[in-house]
Amino acid sequence: MATTRVTGSMDDLDVAAVQTRTIRTLVVSQAVGAVGVTIGVATASLLARDISGSESMAGLAQTFQVLGTAAAAFLLARLMRARGRRIGLVLGYLLGAAGAVLAVVAGVVDSMLVLLLGAVLLGATTAANSGSRYAATDLAPEQHRARALSVVVWATTIGAVAGPNLTGVGAAFARSVGIPELTGGFAIGAVALVVAAGWLAVRLRPDPLLVAQAMAPVAPADTPTRSWSRFTATVRDVPAVGAAVVGMACAHAAMVTVMIMTPLHMEHGGAHLEVIGFVISLHVLGMFAFSPLVGLAADRWGRPPVLMAAGVILLVSLALCGSAPEGSSWQIFAGLFLLGLGWSFATVAASTIIADRTPLSARTDVQGTSDMAMSLTAAGGGALAGVIVQGFGYPTLAAFAALLGVAVVVAGVATRDKHPG
């Protein structure tokens, strides 16, 4: 990468060095932050069940966390536009830490209301983790932008694998300090999130978005002043951005919808918890581990082909899942892995299209709104998943999700234009 220097108020800043520091900082914060998010995932539904006394309310914690992610994605994007990435990401992690503490309190005082409030705040951490991938693109040259984004996405693998495996450590810690066992993971997660926030506060300097804004020409006087107006204006002027948002949201909804019901489908066939856990681990591996290769492909062959490939991979995965018998089978192993891989293709390609094609003056607004759309479609898909499986079965759910896979392919086609990305 050629060295570019910003003169004047930026004190002859080496932009290449700032970008390298930014990527390294985000990789660490993403890995640590992912531990904070995932360490409580294995126990959240169990804690909700125990507090509420009803299995039908066990999924409420996850639902409220998804809704919290949607709200935080939009609100943190507005803050980042005015104050930079560092302030927004640090606040997201600190809100998540507060949510984890509230989850501990909820277990101690046996309050479902406190738990749901904590889940909403924990959603801010997911929003911050998602927003980090865009921070990696602020100063990246276009020909390497997908690679920069994908490296930060890959870092999530570390925390996503380590977090659930610390559940036993969390339980032991809880017993040692006299709090409910199911809250131990949240206690450790709160510490991890505070560490991630502190790391970003110290290391994400100078702020990549503020540097990019300082390098950019002044925005036109007729630029909309409201976040939603900037989003709609961008989608109207650059239809490829709207297509990318739709493609990313549909891929996310397809992944979440099928993934959350797969353990139940396997359990009905007598699969052991260890086998179910291994399948989910393969799924997570597909989501994150290969993202740097996906980023290289998007930089080399273009974002639209990779987004179209994402839809095809999703369709193959859903065909395998739909044909999988209850219990353990090679179809469910391969299907869940490919489901995660298709999500990775879609997320990297669509996110890079949004970063490529969105004007700097509207960048955080479009990025925040697209992440909000991802969360809301996931929430809707998750709500429908149980109804579909109960009424029609798991294969029908896979067929329903396949419609979303088709939408991803169409979105990929719609992003193709004369723009080189």
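This briefing describes the cores, helix contacts, backbone features and selected residues of the structure above. The model is predicted, so local features need pLDDT of at least 70 and side-chain atom pairs count only at pLDDT 80 or more, while totals for chains, interfaces and linings use all residues. Residues are numbered from 1 along each chain as its sequence is written, and side-chain values use heavy atoms, with hydrogens and water left out. Helices are DSSP runs (H or I, at least four residues), numbered from the N terminus.

**Nonpolar cores**

- The largest nonpolar core has 62 residues, and those with the most contacts inside it are Ile-332 and Tyr-394.
- A nonpolar core is a set of buried Ala, Val, Leu, Ile, Met, Phe, Trp, Tyr and Cys residues joined through side-chain atoms within 4.5 Å; buried means under 20% relative accessible area, exposed over 50%, and partly exposed in between (1.4 Å probe, protein chains only).
- At least two residues of this core come from each of α6 (145–165), α11 (239–259), α13 (273–288), α14 (291–301), α15 (303–323), α16 (330–357), α17 (363–392) and α18 (394–414).
- A second, separate core of 44 residues includes Ile-51, Met-112, Leu-116 and Leu-204.
- Leaving aside residues up to four places away in sequence, Tyr-394 touches Val-258, Met-261, Thr-262, His-265, Cys-321, Ile-332, Leu-336 and Val-389, where contact means heavy atoms within 4.5 Å.

**Helix pairs**

- The axes of α4 (residues 85–109) and α5 (residues 112–135) come within 7 Å and cross at roughly 155°; axes are lines fitted to C-alpha atoms, for helices over the stretch in contact, and angles run from 0 to 180 degrees between N-to-C directions.
- α4 and α5 are therefore roughly antiparallel to each other, a term for angles over 145 degrees, with those under 35 roughly parallel, 65 to 115 roughly perpendicular and the rest oblique.
- α4 passes α5 in a left-handed crossing, meaning that the near helix is turned anticlockwise from the far one by less than a right angle, whereas clockwise is right-handed.
- The contact of α4 with α5 has 19 nonpolar, 8 polar and 1 charged residues; Ala, Val, Leu, Ile, Met, Phe, Trp, Tyr, Cys and Pro count as nonpolar, Asp, Glu, Lys and Arg as charged, and the others, Gly among them, as polar.
- For α15 and α16, the axes come within 7 Å and cross at roughly 160°, which makes α15 roughly antiparallel to α16.
- α15 passes α16 in a left-handed crossing, and their contact has 24 nonpolar, 6 polar and 2 charged residues.
- The axes of α11 and α17 come within 8 Å and cross at roughly 30°, in a right-handed crossing.
- Residues in this contact include Val-245, Met-248 and His-252 of α11 and Ser-370, Asp-371, Gly-381 and Gly-382 of α17; by class, the contact has 11 nonpolar, 6 polar and 1 charged residues.

**Backbone features**

- Most residues other than glycine have a negative phi, and most peptide bonds are trans.
- Asp-110, in the loop between α4 and α5, has a positive phi near 60°.
- The peptide bond from Arg-205 to Pro-206 is cis, with omega near -5°, and Pro-206 lies in the loop between α8 (184–203) and α9 (208–215).

**Partly exposed residues**

- Leu-296, in helix α14, counts as partly exposed at 42% relative accessibility.
- The C-alpha atoms of Leu-296 and Ala-146 are separated by 6.9 Å, although the two residues are 150 residues apart along the chain.
- Trp-228, in helix α10 (residues 227–237), counts as partly exposed at 48% relative accessibility.
- Trp-228 and Leu-149 are 79 residues apart in sequence and 24 Å apart in space, C-alpha to C-alpha.
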